[in-house]
Every structure is written in structure tokens, then in C-alpha cells.
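Subject: Structure handover

Dear colleague,

I am passing on the structure that I have been going through, and my notes follow below it. Please keep it open beside you as you read.

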Amino acid sequence: MVELECLPYGAGQQEEGVCLLVRMGSHRILLDCGLTNVAPLIQNAGKKPPADLVICSHAHPDHAKGLLDLHRAFPQMPIYASEVTTQLLSLNWLDQAEVPTFCHALPWRSPVEFREGLSAELIPAGHLPGAAAVLITYTTPERSYTLFYTGDFLLSNSRLVDGLPLEELRGLKPDVLILEGSYGTARYPHRRQQENQLAERIHHAIAEGQSVLLPTPTLGLGQEILMLLRSHHHFTGRDVDIWVAGSVALGCNAYLEMLSHFPSSVQNFARHQPLFWDERIRPRVRPLELKRNGNGSTAMNRFPCIVITDQEADLSDYCVPDSGPWLLLVPQQFGRSAINPDLLQMLEDSPTLNRLLQSGQLAIESYFLGDHCDGTGTTQLIHNLRPQHVIFVHGSPAYLGDLTSLEELQNRYHLHTPAAGVKVELPIGETFIQPAAPDARYEGELSEQETAVTIVLPEAVTSDPRWQNFADTGLIEARWQGEELILRGLRQRELLNQSNESSVLRDVECCENCLHFRGQRCWNQASPLFGFKVTPEGYCPGFSAAPPRRDDR
């Protein structure tokens, strides 16, 4: 009997990367290695390599950052990826003096046999240049067994990458489908609508005299935003400087070396004007090298401007003196805190950024530009492939639990959401009883007074990581949907749009009059609202009266 099983060394939950050991008969295949520490993988393997071969889906750190250490521990173990990914991988180890070329390129849509009866085929997955889904086939005299691993995928076309070709995969019927569930069952607007919303926000900021600062990952999002600004009607011909700094600029240079691998629309654009660096056509796009003299970079001399830099950068290097107001735009996180805690700590620790926040010269907002499939896209892929087993990885446990709770999936497929270190056995063609879906409903009480209704929910509801976003401002909106009453949390931006004209009395104990209220956020570490966006009218036990304003004296 052929045995299929999957052992996650990293399931992509919370802060861990993705690293999956798959066994098909006697063959062992490692899918990705996004581990910060590969010691468990090495220790469990002993003197032998942990797998017969490694296939890397794409070059993002949470899928690839452990590959170099793994190669150094087992140089004889072959590592494969698409040609573009092999060229982008080195950007994960910019702190290394020399990175050897250790990854072998595989062609698109052409099965390659690694060992007798074991082959793999790469299919473009969208999401990032070079990102691949992997179809692994193991053939025995009795039958063939197939496993399809999506890596990170996106069905929609983005500015620099075509989406996963769903039509080519329809009716594939793999025995096992391993796919990401980053966004759970959430639904989001079409990719173009998301791009237009982001471009509109940047457009208004520039029109109001604000410079815009966008910290992004080294690969993917930064280049997508840059291409959006190069081609969107709000910015075509606009007299504004766009600066690209840090490792994001290095990622742009790497992209320029691989233009022949990009979609035809991108290649056509590059025939008429430079893809990225262009000082002749407006908006001007330039790489930015910082001068480490404590005064930021002297190259930035026109404001307002747009700066795209990497997430690890010291943002105070860009908000230089006398540069005017800034808008800090950060990508939304899913299944984690509302804003990256490291960013909050940087803002708190930096005298320059703290001063700008306190004076109102620095505003912080989040935006959404999805590079993964939402719930609709995820279920669409599953129903088109029609697998027997579905393994969900790469997402918060709450979001993955939402997917396994879907009745449309529960009734048709064998669903698994393994944690790191938990082996999943995958019997093929055997009777399988699906375990009951986790119940995510909460029972509460309501009481009706003369002027209001109070709804009381159990404390357990706050253990879900999504609670932080729901309770972001402490205010909710209710609406009827048939016979059901739907509640949703109100976001800070909505409140600001609704009540910009409202004023707060200065003798009221509320957030606007609190010493710790800066940049629309609470900065009191003793407050339960620390780090969150708060409404000016809000209140918490950590209130401390701010000093009297000049116009109050």
C-alpha cells in the first residue's frame, strides 16, 4: 500500500514560515523552507538529508529564508525552483557577504522526473514573479498518485504578474491539495478596485501637501505599488518625485534583469519607457541612497514626495527636518495585531517620529492591496480542482478554522489544518469521517432599557485575534439582514470622515485631551488601548490630562 503523508515543520501560522515534508511511498519531498531556525529539521534528519529533494514555491522569506542554512548543512540535497525564483532568492540574505548559487531552475508546465516514478511540474501561481504551484506525481504499477501544492497564489492579474491559470487546472482531481488560507473566508473588492483606492488616497495626500511614506517587503508589494504609480491616471505626467530606497530598490534592479519573464503587457511598457528608474518622464522615479550623517538624505529636496522603502528601515531617515507633513501608509495585517508591533515600537522609540506624531505632522493609516486569494477565490480553486484531501496552511488558526467550518467544503472534501510537528496521514480511496467543524458562535444576553439596548457576550470572544480589529475604536454599527441583526466594528478612517467637523470640549476626560493621544493613537503603555487608533471622544482608565494649550491660557 502506498502511503501519503505530510509533516509540517512550519505551517505558516502566526509568525512561523512554511516548511512541509511530504512522503509519497518511499520518496520524501520538502516543500519550501521558510524557517528562521532549521535546527529541528537537521536534527530529525540525522546524518542523512531530511528529504530526497526540495522544491521552493517562491522567493518570499516565509517560504525561502531557511534554504541557505539547509543547503550548507546538506549540500548534496538538490533544491529546485522556477528560473525567476532562483535569481531572486539571494535577496533573502543581504547580510551575507557571499551567497552561493545552490538552486536549480525548472521549466514551466513541463514535468521533470527526479527519480523513477516521481515527477513534478511547475505552474505559474500569480502572487509574485516566479511564484509557482507544484504538481507532484508518483506512479506505481497499480496507479498514479498526485499532490498539488499552491504555495502562495492569486487568481487575479496584478501589475507585474499574471494570475494562476485556473482554466488549465479545472478537473485536475489531485489526491491531495495543499493550499494557503491567508485571508480565510473574508471577501475583498477586485484587485483593480483595491489599486484604485490606494492610488486615490496617495493622490489626495499629495494634493494636500503631505509626503507619503510606504514601508513594504523587499519583493512584491513595493514593486507593485511603484508600477501602479507609474501607470495610474492620477500620476501620469504629475510633477512629483518617487524615491525607492533600501532593499526594495535592490528588488527593482533584480526585476530589471528578468524582463523577458514578465507578462507581455509589462514588456510592452518597458519598450516605450523605463520600467522603474526614470528622471525624464513624470512622475520621476529614482533610487535613494541615504547619507548616514544624522540628517537624512540631501537628495530629497522637493516636497511633497513619495518614498517606498523596506520594512526594516529607520523611518526617521526619510521624515527629514522642514520637509512638511507626512502620511505613513502601512499594509494591513491579517490574523495578527492591527499594526506591526515592531513599527509601533519604532515610532515610540524614535524622538524624531514621536515629535512629528505629537505635533500632527505625521499621520498613520493602513491600506489593503491583496496578493493572496480571498475566501471566494480559495473555494473556487478547491471546487475546480476537486481533490480528495485538502490541507490548509499559511494563515492564522482562526482564519484556517473559518475555512474548515464551511459547509460547502465539509460535505465534499477531507479537510486538515495541521500545526507544526503534527503529521497528517492521507489515506486515498478509503472511507473517511469528517470531524465536526469547530463552532465559532457565541451565546450572549441582551437587555432592553428605555433608551438603549445592551448586548453582553462571553469573554471567550476576545481570544480570537480578529477581536482587535473589530474593537479598534470601541464603536460598532448594527444593521438588519433579513431576520438577523449584523454587527461590525467601525474603523478609525470612517469615524474621521464622519466627524471631522465635530469638536470636543477641552474639560472632558477623553482621548483628545489626554497626554498620551498622538497621531490618532494611544501611546500609554498602561492603557488597554495602547497602540490602537482611538476616537477623540474615547475614554479609558489610563487617562492623563494633557498640559493646557496656548490658546487656553
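**Helix α11 and its surroundings**

Helix α11 is followed by G360, whose phi is positive, near 80 degrees. Before going further, please note that this is a predicted model, in which local features need pLDDT of at least 70 and side-chain atom pairs count only at pLDDT 80 or more, while totals for chains, interfaces and linings use all residues. Residues are numbered from 1 along each chain as its sequence is written, and side-chain values use heavy atoms, with hydrogens and water left out.

Helices (H or I, at least four residues) and strands (E, at least two) are DSSP runs, numbered from the N terminus. In α11, which spans residues 351–359, the residues L353, N354, L356 and L357 are buried, where buried means under 20% relative accessible area, exposed over 50%, and partly exposed in between (1.4 Å probe, protein chains only). They cover an arc of only 165 degrees around the axis, which puts them on the same side of α11; the arc is that of the directions from the helix axis to the C-beta atoms. The face turned away from that buried side carries the exposed residues P351, R355 and Q358. Among the elements that cover the buried residues of α11 are α10 (341–349), β17 (362–367) and β25 (517–518), with contact taken as heavy atoms within 4.5 Å.

**Strand β13**

In strand β13 (residues 241–245), 5 of the 5 residues are buried, so this strand is largely enclosed by the rest of the structure. D241, W243 and A245 point one way from β13, whereas I242 and V244 point the other way. Strand β13 runs parallel to β14 (residues 284–288), to which it is joined by 5 bridges, and I242 has V285 as its bridge partner in β14. It also runs parallel to β15 (residues 306–310), with 3 bridges between them, and here V244 stands opposite I308. Two strands are said to pair if DSSP finds at least two bridges between them.

**The open sheet**

There is an open sheet of 7 strands in the order β6-β5-β4-β3-β2-β1-β20, with mixed pairing. Strands β6 (103–106) and β20 (424–425) stand at the edges, each with a single partner strand, so one side of each is left without a neighbour in the sheet. Strand β1 (residues 4–11) is joined to β20 by 2 bridges, and the two run antiparallel; E5 stands opposite E425 in β20.

**Two single residues**

T378 lies in helix α12 (residues 375–385) and, at 1% relative accessibility, counts as buried. Leaving aside neighbours within four places in sequence, T378 is in contact with F153, L179, E180, C373, F392 and L403.

V112, by contrast, lies in strand β7 (residues 112–115) and is partly exposed, with a relative accessible area of 23%. Not counting residues up to four places away in sequence, V112 touches L106, P107, L118, S119 and A120. V112 and P283 are 171 residues apart in sequence and 45 Å apart in space, C-alpha to C-alpha.

With regards
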